[in-house]
Amino acid sequence: MPRVSQDHLDARRRQILDGARVCFGRYGYEGATVRRLEEATQLSRGAIFHHFRDKESLFLALAEDDAARMADVVAQQGLVQVMRDLLAGRSQHPADWLGTRLEVSRRLRTDPEFRARWAERSEQLTTATRKRLSWQRQAGNLRDDISIDVLAAYLELVLEGLVSHLSMGLPADDLEPVLDLVEESVRRHRGLGRA
């Protein structure tokens with residue numbers, strides 16, 4: 001029997017994740033039936049569940065994949081850049097990503113077992129944000145009167161608010177200046193006397 005290459009397995013996994021992102025974004029976790037997952041991925045249930053143990057494992061892998069992509073942007077450019085990318089539609093699969101992100105939020109609120117499993121995986125984004133903030137502080141670019149933990153929580157809260165705003169379909173054309181304000185609020189201002 002011929003062996004399947006790792007590149008083929010990786011491509012198949014990516015195909016499943018991309019299709020599942022669309023399906024979960026459109027129908028939510030409960031509405032993403034196996035039949036709908038098959039249609040969205042264009043693969044059989046056997047092929048899907050060869051790569052993922054069950055629907056929850058697939059959903060967690062998808063959410064984890066999104067968090068890893070965000071963490072990469074955070075490490076290079078900061079959490080505000082993730083928000084700018086969402087506004088500009090430059091993030092991969094912006095509408096489907098929002099649907100998945102909202103589904104994660106809903107399940108965190110309503111499913112203690114999911115919350116426990118997600119906690120193990122979600123630390124990546126928070127860690128990347130704290131590292132980036134620490135690096136910015138060491139470079140003298142970040143205000144030093146507020147702890148890194150508070151600044152990270154602040155930025156994560158703004159991100160969640162932006163996600164909520166966008167998911168409700170509210171206008172986003174005028175939000176770039178808001179993100180400018182958020183970015184400015186965490187910067188260190190040199191040479192300015194206090195009034």
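What follows is a working chat about a predicted model of one protein.

Me: What kind of model is this, and what pLDDT does the protein average?
Reply: It is a predicted model, and the protein averages a pLDDT of 86, with 92% of the residues scoring at least 70.

Me: Which elements have the lowest and the highest mean pLDDT?
Reply: Among the elements of the protein, helix α6, residues 94-110, has the lowest mean pLDDT at 77, while helix α2, residues 34-41, has the highest at 96.

Me: OK, the overall build then: how many helices and strands?
Reply: The protein has nine helices and zero strands, and reading along the sequence gives the pattern α-α-α-α-α-α-α-α-α.

Me: And what does the C-alpha trace span along its principal axes?
Reply: The C-alpha trace of the protein spans about 75 × 40 × 30 Å along those axes.

Me: What share of the residues counts as buried?
Reply: Of the 195 residues of the protein, 39% count as buried. On the contact side, among contacts in the protein with a separation of 6 or more, 70% are accounted for by residues 24 or more positions apart.

Me: Let's go to helix packing. At what angle do α1 and α4 pack?
Reply: Helix α1, residues 6-31, and helix α4, residues 55-77, pack at an angle of about 105 degrees, and their axes are 10 Å apart. Since angles of 65 to 115 degrees count as roughly perpendicular, α1 and α4 are therefore roughly perpendicular to each other.

Me: Which residues make that contact?
Reply: On the α1 side they include Arg 13, Arg 14, Ile 16, Leu 17, Phe 24, Tyr 29 and Glu 30, and on the α4 side they include Lys 55, Glu 56, Leu 58, Phe 59, Asp 65, Asp 66 and Arg 69. By class, the contact of α1 with α4 has nine nonpolar, no polar and 10 charged residues.

Me: What about α4 and α7, parallel or antiparallel?
Reply: The axes of α4 and helix α7, residues 112-138, come within 8 Å and cross at roughly 10 degrees; with angles under 35 degrees counted as roughly parallel, α4 and α7 are therefore roughly parallel to each other. The contact of α4 with α7 has, by class, 13 nonpolar, five polar and five charged residues.

Me: How far apart are the end C-alpha atoms of α4?
Reply: They are 33 Å apart, which agrees with the 33 Å that the 23 residues of α4 should span at 1.5 Å a residue. Just after α4, Gly 78 takes a positive phi of about 100 degrees.

Me: Back to Glu 56, is it buried or exposed?
Reply: Glu 56, which has its place in helix α4, is buried, because its relative accessible area is 13% and the cut-off for buried is under 20%.

Me: What is Glu 56 in contact with, leaving aside neighbours within four places in sequence?
Reply: Glu 56 is then in contact with Tyr 29, Arg 107, Asp 111, Phe 114 and Arg 117. Both Tyr 29 and Glu 56 are also listed in the contact of α1 with α4.

Me: New topic: where does Gln 42 lie, and what is its phi?
Reply: Gln 42 lies in the loop between α2 and α3, and it has a positive phi of about 60 degrees although it is not a glycine. At 67% relative accessibility, Gln 42 counts as exposed.

Me: And Arg 45, which residues does it touch?
Reply: Arg 45 has its place in helix α3, residues 45-51, and, not counting residues up to four places away in sequence, Arg 45 touches Val 34 and Glu 38. Arg 45 is partly exposed, with a relative accessible area of 47%, and the C-alpha atoms of Arg 45 and Arg 35, 10 residues apart along the chain, are separated by 8.0 Å.

Me: Last one: where is Arg 26, and how far is its C-alpha atom from that of Thr 100?
Reply: Arg 26 lies in helix α1 and counts as exposed at 58% relative accessibility.

Note on methods. Residues are numbered from 1 along each chain as its sequence is written. This is a predicted model: local features need pLDDT of at least 70, side-chain atom pairs count only at pLDDT 80 or more; totals for chains, interfaces and linings use all residues. Side-chain values use heavy atoms; hydrogens and water are left out. Axes are lines fitted to C-alpha atoms, for helices over the stretch in contact, and angles run from 0 to 180 degrees between N-to-C directions. Helices (H or I, at least four residues) and strands (E, at least two) are DSSP runs, numbered from the N terminus. Angles under 35 degrees count as roughly parallel, over 145 as roughly antiparallel, 65 to 115 as roughly perpendicular and the rest as oblique. Contact means heavy atoms within 4.5 Å. Ala, Val, Leu, Ile, Met, Phe, Trp, Tyr, Cys and Pro count as nonpolar, Asp, Glu, Lys and Arg as charged, and the others, Gly among them, as polar. pLDDT is the predictor's confidence in each residue, from 0 to 100. The expected span of a helix is 1.5 Å times one less than its number of residues. Buried means under 20% relative accessible area, exposed over 50%, partly exposed in between (1.4 Å probe, protein chains only).
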